[in-house]
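Welcome, and please open the model in your viewer. We will go from stop to stop, and at each one I will tell you what to select.

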Amino acid sequence: MTTAPTPSPALSVVVLAAGKGTRMRSDLPKVLQPLAGQPLLGHVLGTVHQLAAERAVVVTGFGAQRVREAFAHRPNLPHLRFALQEPQLGTGHAVQQALPELPDTGVCLVLYGDVPLAPATSLLPLVAEAQAGALALLTVELDDPTGYGRILRDADGAVQGIVEHKDATPAQRAVRECNTGILCAPVAHLRRWLGQLRNDNAQGEYYLTDVVALAVADGVPVRAATVADADDVLGVNDRSQLAHLERVVQRRTARRLLDAGVTLADPARLDVRGALHCGRDVFIDVGCVFEGEVHLADGARVGPYAVLRDVRVGAGTVVHPFCHLDGASIGAGALIGPFARLRPTTALADGVHIGNFVEVKNGTLGQGSKANHLSYVGDATVGARVNIGAGTIVANYDGANKHRTVIEDDAHTGSNSVLVAPITVGAGATVGAGSTVTKAVPAGALTVARARAVTLQGWTRPEKNK
């Protein structure tokens, strides 16, 4: 029997992320498959950050370079490291590849890159048990445990080992308490046990679960904590499981929003693929998608089937149906859409109206300005109380470079006008309908730039050849 050293409180985390995910039928490594807007592995590393781990090691295999590149620069995980498992000979072999990156003291928590929802609150008790010298396991009760390793206990209920489904007897397969694969142990113990693993099993692999029997043989206490919600520890092996977890995440997100006072027209028809921050009395209609960082201020309303990415929406602003807003900042009391598109670095002041089939790109519109119909406003600085008439085009691109247009306060552009940048429309100026303007428009004046109408009498329309 081995005497356990006094454990250090330092925490290291090893994340196993080497699998190809053959059943995903994808060229993308499994741990990079998206869930609620970020890769599966991203969710796990977010939990690692919450745990305040001193060190994290991601064990890669299939698509190792892509995984490293995706997570090489994580400011919230400055101590993130990578280890390569090649060839891939099982979970025990995978953890062995991380050992050179681990300190000799402290405890090691083993997580999985394709088990994205394990919460820090369920993992902290394991860390505490390991810091007290035990091997701690996270288990789950499943109605259908097919494919999962079973927890084996003695008559007194003490954990004696884990048997993989393929190696289990019929009696053992009847056990419903299953291994999640997540465990925590003192690093010194883990090094020793990993060196003793054998691959004499149906798969010919080195199972990490075999360390349980080795701990029992060493007299090291084995503790098991059962997670309450099985969805927290579900892994992703195919598209169906990924889709299931997507809905789990969205249901949980909807519940948090409802609890915070947000009105959702249908909680089942909401997709948040990032972070959604809402003020009081916010209303969100069906089919909306929120990506990146989105802020909805008090009283904001978002109509059905709108897509908002990295957007700030001011108090009382209404986003009508079918809008696509990306990288924009919108003031209070604005009206957007329907069918409007705001592209990155667009900034709208309070009370701005952007109507149907209007696109604004890299533009600013001052307080109370309006572009209500069928217009494109690109690379433009628009003042206050400006009216952009239906069909107005700000022609910002000359085929090689983008140019800026300035439309000063209280100016009006007539319907179907074209402003060829670079150009300035002076304060209070009016551009006549149908004009194509290539020079500066004086303040306070009417500018008309269009050909005189000509009528040809006696003209006969051509006929098709018979």
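**First stop: a loop residue**

Select Asn362, which is found in the loop between strand 26 and strand 27 (364-365); helices (H or I, at least four residues) and strands (E, at least two) are DSSP runs, numbered from the N terminus. Asn362 is not a glycine, yet it has a positive phi of about 50 degrees. With a relative accessible area of 26%, Asn362 is partly exposed; buried means under 20% relative accessible area, exposed over 50%, and partly exposed in between (1.4 Å probe, protein chains only).

Before moving on, please note that this is a predicted model, in which local features need pLDDT of at least 70, side-chain atom pairs count only at pLDDT 80 or more, and totals for chains, interfaces and linings use all residues. Residues are numbered from 1 along each chain as its sequence is written, and side-chain values use heavy atoms, with hydrogens and water left out.

**Stacked rings**

Now select Phe339, in the loop between strand 22 and strand 23. Phi of Phe339 is also given as a positive value, near 60 degrees, in a residue other than glycine. At 39% relative accessibility, Phe339 counts as partly exposed.

Which ring pairs can you find here? The structure holds 3 aromatic pairs; rings of Phe, Tyr and Trp (its six-membered ring) pair if their centres lie within 6.5 Å, with planes under 30 degrees apart counted as stacked, over 60 as edge-to-face and the rest as tilted. One of them is Tyr305 with Phe322, stacked at 5.6 Å centre to centre with 15 degrees between the planes. Tyr305 lies in the loop between strand 16 (301-302) and strand 17 (307-309), and Phe322 in the loop between strand 19 (318-319) and strand 20 (324-326), so this pair ties together parts that are 17 residues apart in sequence.

Show Tyr305, Phe322, Phe339 and Phe357 together, and you have a cluster linked by ring pairs.

For another ring, select Tyr397 and Lys402. The charged end of Lys402 sits over the ring of Tyr397, 5.5 Å from its centre; the rule is that NZ of Lys or CZ of Arg is within 6 Å of the ring centre and within 35 degrees of the ring normal.

Next, colour the strands 12-14-16-19-22-25-28-31-34-37-39. In that order, these 11 strands form an open sheet with parallel pairing; two strands pair if DSSP finds at least two bridges between them. Which strands stand at the edges? They are strand 12 (263-264) and strand 39 (446-447), each with a single partner strand, so one side of each is left without a neighbour in the sheet. Further in, strand 22 and strand 25 pair over 2 bridges in the parallel sense, and Leu335 stands opposite His353 in strand 25.

**An enclosed strand**

Now select residues 177-186, which make up strand 10. Is this strand buried or exposed? Of its 10 residues, 10 are buried, so strand 10 is largely enclosed by the rest of the structure. Strand 6 (residues 107-112) runs antiparallel to strand 10 and is joined to it by 4 bridges, with Cys184 as the bridge partner of Leu109. Strand 7 (residues 135-141) is antiparallel to strand 10 too, through 5 bridges, and there Val140 has Cys178 as its bridge partner.

Zoom in on Glu177, which lies in strand 10. Glu177 counts as buried at 10% relative accessibility. Its side chain makes a polar contact of 3.0 Å with that of Thr139; such a contact is a pair of N or O atoms within 3.5 Å, where within protein one must be able to donate a hydrogen and the other to accept it, and residues adjacent in sequence count only if both atoms are side-chain atoms.

**Last stop: cis peptide bonds**

Finish with two prolines. A cis peptide bond joins Glu86 and Pro87, with omega about 5 degrees; Pro87 is in the loop between strand 5 (80-84) and helix 3 (91-98). The bond from Ala421 to Pro422 is cis as well, with omega near 0 degrees, and Pro422 lies in the loop between strand 35 (418-420) and strand 36 (423-425).
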